[in-house]
Amino acid sequence: MTETQPTDAAADGGADSAPVRRSPVERRILDAALRLFAERGFDGTSVQGIVEAAEVTKGALYHYFDSKDALLYEIYHSLIARQLADLDAVLAEGLAPREAVRKVLTGLILSTAEHIDEAKVFGREMHRLDDARMHAVRADRRRYHRTFRGLVEQGKRDGSFTTPTPAETVTIVALGMVNQLPRWYRADGPKPAADLAAEVADFILAALD
């Protein structure tokens, strides 16, 4: 979820501006695009191939998506919209900073693991997006980044966290760990996602102490 620059690390409010795709036809098109992007890459996937895999007409595809870029963006948007909604739900609970950080991190890792194909495809192909969609991606990321950093800052202010490390650095490290999941995580690997999420949260909270 983060890039090299800290300001691109997470989200600042793009996901709320557009709804997640929900109709059966849209989902079928997106699922087919995701599968083909993962197997063949963005350049190796044609619109015709997506149409055939989704068993829809080309007119149906263009009714919902104006280009392959739009499909790629929607794959990302569906994931970040869920993660931002999860983040907002944790904030709404009014938890103490320690509990909030743990819940946010574990939820983010579980969500990323559950949708690892979306994360892999987007991480590999995101440079294909046009300027407007890339701007929206970066806005989403900034919002997530700033909100998580705010939780760390709150914990430092009220004494929950005693580390002298700046909240910005903590945020880059914590979210950076999650960003690396698509590079190595496998759903059929030896460590269940729930165990991994708990271990990462424990590690970050120990560092904050």
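In helix 8, the buried residues are Ala-167, Val-170, Thr-171, Ala-174, Leu-175, Gly-176, Val-178 and Asn-179. The model is predicted. Those buried residues pack against helix 5 (97–114), helix 7 (131–158), helix 9 (181–184) and helix 10 (193–208).

**Helix 8**

- Helix 8 runs over residues 167–179, a stretch of 13 residues.
- At 1.5 Å a residue, helix 8 should span 18 Å.

**Helix 5 with helix 8**

- The axes of helix 5 and helix 8 cross at roughly 20 degrees and come within 10 Å.
- Helix 5 is therefore roughly parallel to helix 8; the cut-off for that label is an angle under 35 degrees.
- The crossing of helix 5 past helix 8 is right-handed.
- On the helix 5 side, the contact residues are Leu-105, Leu-108, Ile-109 and Thr-112.
- They meet Ala-174, Leu-175 and Val-178 of helix 8.
- Ala-174, Leu-175 and Val-178 are also among the buried residues of helix 8.

**Helix 4 with helix 7**

- Helix 4 covers residues 68–92, and its axis lies 11 Å from that of helix 7.
- The packing angle between helix 4 and helix 7 is about 20 degrees.
- Helix 4 and helix 7 are therefore roughly parallel to each other.
- Helix 4 and helix 7 cross in a left-handed sense.
- Helix 4 contributes Asp-69, Ala-70, Tyr-73, Tyr-76, Ile-80, Gln-83, Leu-84, Leu-87, Asp-88 and Leu-91 to the contact.
- Helix 7 meets them with Arg-133, Ala-136, Val-137, Asp-140, Arg-141, Arg-143, Tyr-144, Thr-147 and Leu-151.

**Arg-141**

- Arg-141 sits in helix 7 and is one of the residues that meet helix 4.
- Arg-141 has 5% relative accessibility, so it counts as buried; the cut-off is under 20%.
- Arg-141 and Leu-84 are 57 residues apart in sequence.
- In space, the C-alpha atoms of Arg-141 and Leu-84 are 9.5 Å apart.

**Annotated region, residues 46–65**

- An unreviewed UniProt entry annotates residues 46–65 as "DNA-binding region".
- In the model, residues 46–65 are 75% helix and 0% strand.
- The end C-alpha atoms of residues 46–65 are 14 Å apart.

Key: Residues numbered from 1 in each chain as written. Predicted model: local features only at pLDDT ≥ 70, side-chain atom pairs only at ≥ 80, totals over all residues. Heavy atoms only, no water. Helix = DSSP H or I, 4+ residues; strand = E, 2+ residues; numbered from the N terminus. Expected span 1.5 Å × (residues − 1). Buried < 20%, exposed > 50% of the residue type's maximum accessible area, 1.4 Å probe, protein only. Contact = heavy atoms within 4.5 Å. UniProt positions renumbered as here; feature names shortened; annotations may be inferred. Axes fitted to C-alpha atoms, helices over the stretch in contact; angles between N-to-C directions. Parallel < 35°, antiparallel > 145°, perpendicular 65-115°, else oblique. Left-handed = near helix turned anticlockwise from the far one by under 90°.
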